[in-house]
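The sequence and the structure are shown first.

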Amino acid sequence: MSENTKYRTPLRSCLLLGSVLLAACSQSPQQGSSDAPLQPRIEPENWPMQASPIARTDAIERKVSALLSQMSTEQKVGQIIQADIASVTPQQVRQYYLGSVLNGGNSAPGRDNRVGAAAWLELADAFWQASTDTSDGRPYIPVFWGTDAVHGHSNVKGATIFPHNIGLGAMHEPQLLQAIGRATAVEMQVTGLDWTFAPTIAVARDDRWGRTYESYSEDPALVASYAPYILQGIQGKVGAEDFLRGEHMLATVKHFLGDGGTVAGKDQGDNISTEAQLRDIHALPYYAAIKAGARVVMASYNSWHGSKMHGFAPMLTDVLVKRMGFDGFVVGDWNGHGQVAGCTPTNCANALLAGLDMYMAPDSWQTLYETTLAQVKAGQIPMARLDEAVARVLRIKAEMGLFEQVRPSQRPLAGRYELLGNASHRALAREAARKSLVLLKNNQQLLPLRAGGRVLVAGDGADNIGKQSGGWTLSWQGSGNSNHDFPNGESIYAGIQHAVQAGGGSTELSENGRFSVKPDVAIVVFGEEPYAEFIGDRSHLAFDDGRALQILKQLKAQGIPTVSVFLSGRPLWVNPELNQSDAFVAAFLPGTEGGAVADVLFRAADGSVRYDFQGRLSFSWPDNAKGEPLNVGDANYNPLFAYGYGLSYRDNTVLAPLHENAGISAAMMLNTSRYLFAGKAVTPWQLQLSDTGTITVVADAQQRSAAGAVTAIATDRLQQEDSVTLRFDKAATVRLGHADGIALDLARQSNGDMALELEYQVVSVAAGTKVELGMQCGDNCASMLDISSNLQAMQGKGWHSTKIALRCFSQANSNFDISRVTQPMVLRSDGGLVLQLANVRLAQNEGNATCGN
């Protein structure tokens with residue numbers, strides 16, 4: 001290929017499921033095409049008919065019928081409600097006859113996300129024993145426990161963390177998913193759990209979506225080819241004796257339907273595709289999954305042309321059950337039923353009537369139980385529909401063998417903690433991570449590197465297992481993790497160090513890129529901070545963290561060859577970083593086996609190639625930062641790197657210098673979650689100094705306010721000028737604002753228990769100094785919290801991170817409007833304060849947030 005050629009691959013062939021062709025053979029239908037009907041409807045006859053692969057058995061049907069005849073209405077209602085372990089006790093599970101519990105991303109035994117595995121098993125026993133206490137004559141119906149084990153048993157410390165789905169999709173090796181599913185199921189049963197809310201089989205069509213990394217590909221055929229293997233790994237094969245039993249367990253395919261195709265990639269948003277596009281793009285993997293034995297489907301938060309899926313009978317009943325052949329049960333997402341028209345989290349008959357079989361009501365369960373019970377007794381919910389939903393749940397419990405099962409701690413794998421992160425599972429995770437890496441650039445065939453040289457390893461992702469693992473890792477957002485939280489993991493730097501030392505070379509770790517001895521080559525590891533769900537939604541695809549670019553430029557100026565390893569949950573516009581790199585690897589989110597990167601980057605000690613790059617993009621890589629949908633088969637398809645692109649060591653391809661025009665304005669790059677980074681305001685936010693009513697924007701290394709009351713000085717922390725020192729000599733205000741007064745809607749983040757996080761050091765604070773921290777929502781609209789005593793206590797004690805829960809600002813001022821924040825940080829002092837500030841951002845609470853003094 002010539003240097004200026006953009007890289008494309010042929011369109012993928014269609015996927016044939018049984019005798020029904022479900023995908024177009026030439027081009028994927030385009031979202032939002034002009035021929036979409038004005039008032040689209042679901043016509044079930046347009047959807048292929050598929051029979052259930054699992055025949056009902058007389059024995060199980062008799063069991064279900066017998067139980068239904070013995071159950072009271074109260075007991076039936078309990079079976080269709082799922083509560084979160086942070087909001088329910090074992091005693092309440094017994095009292096309300098609850099059929100299942102879950103742990104959300106931030107729920108764990110004792111509210112400790114990093115608690116040991118034994119605590120999980122102990123709590124599993126407690127819930128099981130409560131549900132099976134039949135001393136009052138109730139029928140014996142065990143509870144089951146669901147969790148988001150989306151890339152391994154990722155809520156439990158010490159478990160094997162596999163690459164996220166976007167990386168697994170880049171392998172183009174679906175067969176490996178079966179072993180990954182099996183390993184995950186084994187590790188889950190060590191802690192007594194028996195149900196995972198995985199796999200996600202969404203087809204992400206807009207990479208601005210915060211869940212893009214949970215999708216295997218933009219190509220529905222690839223996603224559909226993966227679904228059977230991961231399901232068979234978790235559940236076993238349909239018809240086998242160990243299906244849903246033994247080392248296997250219950251899986252969930254999610255989210256039904258269209259979550260990957262919402263307008264602008266907004267999580268929980270509206271999908272306005274045509275019915276044909278909904279069927280041929282987003283539903284394709286579900287046909288494959290149901291044929292492979294999917295027994296639970298999770299309803300999606302998204303709408304289709306305004307109709308929320310949790311209450312959309314045409315899809316939940318007419319298509320899923322009657323056309324796709326699904327014979328399991330439909331579970332909701334976290335209070336998703338509350339978004340249905342006419343519903344609240346505690347009152348939603350419409351969802352059950354539409355085909356939802358189990359409400360996920362984490363913190364709303366108790367009132368929802370009472371409301372639903374009353375609706376059944378009043379006839380608003382027919383008993384026949386309740387019986388149908390309960391029967392579906394009981395049928396799956398019977399198929400799993402739960403009625404014959406012993407309590408969790410007595411099962412064969414229970415308590416075998418040595419299986420968490422064991423050698424074979426780690427080897428599997430390392431293989432998957434190795435095969436997921438995609439080589440985007442390798443000018444002058446810099447890679448593979450010889451192991452005997454001097455290697456500098458830089459960047460904030462180099463020695464950061466949490467960052468390389470991403471969201472849904474120990475906590476919901478994957479934030480707050482240190483390497484100590486991964487006793488069975490290895491950072492990318494540690495893997496490089498082992499490989500280089502084995503080859504007789506030496507390494508130096510330097511986050512800021514400075515070195516003591518000039519290296520032969522530098523590897524810079526950087527990328528996105530961990531995130532999950534709507535917190536990760538973006539308005540654009542520009543990678544806007546300039547630290548790595550600065551390091552790369554400094555190294556290039558010194559004539560040092562550079563290799564970039566980019567950690568991300570989606571393709572991003574990184575043309576400036578690509579230009580400054582001699583080689584560039586898209587590593588996505590490889591999980592806890594960081595040594596996989598060294599396996600591919602370095603030759604063996606004898607000079608031979610240990611492993612070549614196998615990864616090929618399963619998502620198209622953008623040539624600008626606009627973030628508009630870019631998918632193989634689109635009209636005017638014009639990516640930088642096409643679907644299926646990826647270099648191997650045999651390729652002698654030179655990537656010519658790329659343009660650095662992002663294609664978006666500063667206003668379009670509005671960052672909703674990072675405001676100050678490395679002491680600099682994140683574009684387009686401004687660090688503003690104010691006294692006597694005059695605003696001065698910080699533009700220089702030292703900037704004084706108009707009357708000199710406050711000074712901002714660029715200061716070194718870890719690297720050159722990576723923080724700002726704010727010296728308040730008199731009463732003044734420092735704000736992070738926007739020149740155009742653009743407002744942020746942080747209502748969802750507030751409801752999602754997010755916090756404003758400041759990373760700071762109190763250099764000095766005079767006794768009696770008053771300091772307030774707050775947010776502003778336009779003129780005469782602000783909420784300020786007194787943090788004076790907090791800062792007094794931290795004086796001279798080094799760097800700290802403080803989190804203020806977003807809800808605190810609304811609680812402090814009932815007139816404060818969290819949905820139109822114009823200044824996400826306002827800091828006021830009456831003088832006598834010297835504060836060094838590095839970062840200001842939104843972060844997951846994780847129980848660490850305060851409301852000031």
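The model is predicted, with pLDDT of at least 70 needed for local features and 80 or more for side-chain atom pairs, while totals for chains, interfaces and linings use all residues. Residues are numbered from 1 along each chain, and side-chain values use heavy atoms, without hydrogens and water.

Helices (H or I, at least four residues) and strands (E, at least two) are DSSP runs numbered from the N terminus. The table gives the axes, which are lines fitted to C-alpha atoms over the stretch in contact, with angles from 0 to 180 degrees between N-to-C directions.

| Helix pair | Axes | Angle |
|---|---|---|
| H1 (residues 58-70) and H13 (residues 383-399) | within 9 Å | roughly 130° |
| H7 (residues 220-235) and H9 (residues 284-291) | within 8 Å | roughly 20° |
| H6 (residues 176-190) and H7 | 6 Å apart | about 30° |

H1 passes H13 in a right-handed crossing (the near helix is turned clockwise from the far one by less than a right angle). On the H1 side the contact (heavy atoms within 4.5 Å) includes Ile60, Val64 and Leu67, and on the H13 side it includes Asp387, Val390 and Arg395. This contact has eight nonpolar, no polar and four charged residues. Here Ala, Val, Leu, Ile, Met, Phe, Trp, Tyr, Cys and Pro count as nonpolar, Asp, Glu, Lys and Arg as charged, and the others, Gly among them, as polar.

H7 and H9 are roughly parallel to each other, and their crossing is right-handed. Among the residues that meet are Val223, Ala227 and Leu231 in H7 and Leu284, Pro285 and Ala288 in H9. The contact of H7 with H9 has eleven nonpolar, no polar and no charged residues.

H6 and H7 are also roughly parallel to each other, and H6 passes H7 in a right-handed crossing. Gln178 and Arg182 of H6 and Tyr226 and Gln232 of H7 are among the residues in contact. By class, this contact has six nonpolar, four polar and one charged residues.

The largest pocket has a volume of about 1,200 Å³. Of its 44 lining residues, Trp334, Trp476, Asn751, Gly752 and Asp753 are the closest to its centre. Strand E7 (253-256) and helix H20 (747-751) each supply at least two residues of the lining. The lining has twelve nonpolar, 18 polar and 14 charged residues. A pocket is an open set of points on a 1 Å grid over the protein atoms alone where a 1.4 Å probe fits, with protein on both sides within 12 Å along at least five of seven lines, and lining residues have an atom within 4 Å of a point. The volume is the space filled by probe spheres set on the points.

Key:
Parallel < 35°, antiparallel > 145°, perpendicular 65-115°, else oblique.
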